[in-house]
Amino acid sequence: MNLMLRQCTPEDVYTLKDISCETFRDAFADKNRPSELQAHLDKAYDLKKLHQELSNVHSQFYFLYADGVLAGYLKCNEAPAQTEIHDDNSLEIERIYIIQEFQGHGLGGFLINKAIEMAQMGKKHYLWLGVWEKNQKAISFYTKHGFYKIGSHPFFVGDDEQTDYIMRKDL
């Protein structure tokens, strides 16, 4: 499989919204009420909000293509744009999603390695991310890639307060 990564620009906002909604829905629809899920999608992936995120110099979005087909995406944040820790020595992986039909082919590992490369180039000491406590598949994936739990924080899907583990990987 030929993999290609392309950094997103503000002109990619519609494609980003589409892949964000698709992958989030696929990952979490079966474990959330439809109204709460839709409220989250409407808020988190609002076009104006996504455009602001794409324009933030401290955030980077990448589209991953497999054999020329959009297969997933990655969003990383430096300290000023991080959702929580705000440590200049860290890089946050805020979003890492693979379209269902491309899962199980090593694409997630490819994106993790890209994030590690970005962190090393930025002379960061560690990566961190949040992952839903009930998403055992993702927790196992991150653990396999050297992440370990350092805490937790609330994450809202609509009005439903859930718990995300905060996981870290030292570089």
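**Salt bridges, burial and helices in a predicted model**

Student: What makes arginine 33 and glutamate 36 a salt bridge?

Tutor: Their closest N and O atoms are 3.1 Å apart. A salt bridge is a side-chain nitrogen of Lys or Arg within 4 Å of a carboxyl oxygen of Asp or Glu. The pair qualifies, because 3.1 Å is within that 4 Å cut-off. Side chains of opposite charge can pair when their charged atoms come close. A word on the source: this is a predicted model, in which local features need pLDDT of at least 70 and side-chain atom pairs count only at pLDDT 80 or more, while totals for chains, interfaces and linings use all residues. Residues are numbered from 1 along each chain as its sequence is written, and side-chain values use heavy atoms, with hydrogens and water left out.

Student: What do glutamate 53 and lysine 75 tie together?

Tutor: First the bond: their side chains form a salt bridge at 3.2 Å, N to O. Glutamate 53 sits in helix H3 (residues 47-55) and lysine 75 in strand S3 (residues 69-77), so the pair joins parts 22 residues apart in sequence. Here helices (H or I, at least four residues) and strands (E, at least two) are DSSP runs, numbered from the N terminus. Glutamate 53 counts as buried at 10%, and lysine 75 does so at 3%. Both residues also belong to a salt-bridge network with Lys49, Glu94 and Arg95.

Student: How do you know that glutamate 78 and lysine 124 link distant parts of the chain?

Tutor: The two form a salt bridge, with closest N and O atoms 3.8 Å apart. Glutamate 78 is in the loop between S3 and strand S4 (90-98), lysine 124 in the loop between helix H4 (107-121) and strand S5 (126-132), and they are 46 residues apart. Glutamate 78 is partly exposed at 26%. Lysine 124 is buried at 14%. The whole structure has 11 salt bridges.

Student: How do you know that the buried residues of H3 line one face?

Tutor: They are Leu50, Glu53 and Leu54. Down the axis of H3, they fall within an arc of 100° (directions from the helix axis to the C-beta atoms), so they line one face. An α-helix has 3.6 residues a turn, so residues three or four places apart point the same way.

Student: How do you know that the span of H4 agrees with expectation?

Tutor: The expected span is 1.5 Å times one less than the number of residues. For the 15 residues of H4 that gives 21 Å, and its end C-alpha atoms are 21 Å apart, so the two agree.

Student: What makes the chain's radius of gyration agree with a compact globule?

Tutor: The radius is taken over C-alpha atoms, and the globule rule is 2.2 Å times the number of residues to the power 0.38. For 171 residues the rule gives a value near 16 Å; the chain has 15 Å, so it agrees. Buried residues make up 46% of the chain. Its secondary structure comes to 5 helices and 7 strands.

Terms used:
Buried means under 20% relative accessible area, exposed over 50%, partly exposed in between (1.4 Å probe, protein chains only).
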